[in-house]
Amino acid sequence: MPAVALAVTDGMLHYELAVAFEVFGSDLTHVVDPWYDFSLCGTGPVHVDRFRLEPDHGLDHLARADTVIVPGWADTDREPPADLVDALRAAHAAGARVASLCTGAFVLGKAGLLDGRRATTHWAHTRELARRHPAATVDPDVLYVDNGDVLTSAGKAAAMDLCLHLVRLDHGATNANKIARRLVIPPHRDGGQAQFIATPLPEPGNHPLRDLFPWALEHLDQPLTVEDLARQARMSSRHLARHFKHLTGTTPLHWLHTQRIRHAQELLETTNATVDTIAAATGMGTAATLRRHFHRSVGVPPDTYRRTFRP
């Protein structure tokens, strides 16, 4: 019977904790027998938001588990407890498979378990995770990353994707599908985090591009170039690139491409327009071009995105 230990301490997120408990802590022997030997491990009574937990064992018990799961870490600006970090290192050194859910990746990073590995977390925190742990390769687009002995998931619902992936590894795809049906969720979701990431415009303000952004958005159906943008902004292409980098963190062409994709998403969600019509409205030209760029940027084809997000 594989042993799964959930590391709990003050400052964890209750949703991810509950997801792990629902999958590994429930009695599912009617699906797979034996199921998991599940335990909560902490230093004492734990407060998770408005819930109080009583751990079964101390953190030293993590080293006896086959799989250790770290729920989301609520305040990523706060250092995780040293005893938790030490216990995770010891568990990994003892051969445990260590998995984080959502921002729990920051705890794994503090323990040094992300160095030299791919990792992910909630898309809103991927840049900060990469800044703090430059030895890790942080992928902001995927739902989860499996390095074998260290696994990380993206935000919220992606925690369930990773938990089902662990079940699939341990008990096979058929049993993982049975668990997914019981939870009324898809056993595997298409695409990655990219389809959920918002791409807001820079805050309005007294900056040199304040009039250019709305103008560009009104002309997305046209084949705009960097020179077109620079001419409209009345500055050189070099100065335009410098201001874009400062205000958006990216280049003019990348920003323009992102806005075209964002507009395509909006049209797919709110209209019945065909993919050909949307391609023309977003300056992509043809449906084939839109499908190629949309799939590459969002992770799923336009038709799949529309089925998922159309009210």
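**Aromatic pairs, a mixed sheet and an annotated domain**

Phe24, Trp35 and Tyr36 form one aromatic cluster. The model is a predicted one, and a search through the whole of the structure finds seven aromatic pairs. A pair of aromatic rings is described by how far apart the centres are and by the angle between the planes.

One of these pairs joins Phe21 and Phe38: the ring centres are 5.5 Å apart and the planes stand at 75°, so the pair is edge-to-face, because planes over 60 degrees apart count as such. Phe21 belongs to helix 1 (residues 14–25) and Phe38 to strand 2 (residues 37–41), so the pair ties together parts that are 17 residues apart in sequence. Phe21 has a relative accessibility of 39% and counts as partly exposed, because that class lies between the 20% limit for buried and the 50% limit for exposed. Phe38, with a relative accessible area of 16%, is buried.

Trp35 is buried, at a relative accessible area of 3%. Tyr36 also counts as buried, with 7% relative accessibility.

Strand 2, which holds Phe38, leads on to the sheet. Six strands make up an open sheet in the order 2-1-5-6-10-9, and the pairing is mixed. Strand 2 and strand 9 (144–146) are the edge strands, each pairing on one side only. From one strand to the next, the twist averages 15°.

Within the sheet, strand 6 (residues 97–100) and strand 10 (residues 150–153) run parallel and are joined by three bridges. Val98 has Val150 in strand 10 as its bridge partner.

Helices also lie against these strands. Helix 5 (residues 157–171) packs on the sheet, where it touches strand 5, strand 6, strand 9 and strand 10. The direction of helix 5 makes about 145° with that of strand 10. Helix 2 (residues 82–93) lies across strand 1 (3–7), strand 5 (67–70), strand 6 and strand 10. Relative to strand 5, helix 2 runs at about 150°.

The last part to consider comes from a record. An unreviewed UniProt entry gives the annotation "domain: HTH araC/xylS-type" for residues 210–308. In the model, this span is 73% helix and 0% strand. The end C-alpha atoms of residues 210–308 lie 34 Å apart.

Notes:
Residues numbered from 1 in each chain as written. Predicted model: local features only at pLDDT ≥ 70, side-chain atom pairs only at ≥ 80, totals over all residues. Heavy atoms only, no water. UniProt positions renumbered as here; feature names shortened; annotations may be inferred. Helix = DSSP H or I, 4+ residues; strand = E, 2+ residues; numbered from the N terminus. Phe/Tyr/Trp six-rings, centres within 6.5 Å; stacked < 30°, edge-to-face > 60°. Buried < 20%, exposed > 50% of the residue type's maximum accessible area, 1.4 Å probe, protein only. Pairing = 2+ DSSP bridges. Axes fitted to C-alpha atoms, helices over the stretch in contact; angles between N-to-C directions. Contact = heavy atoms within 4.5 Å.
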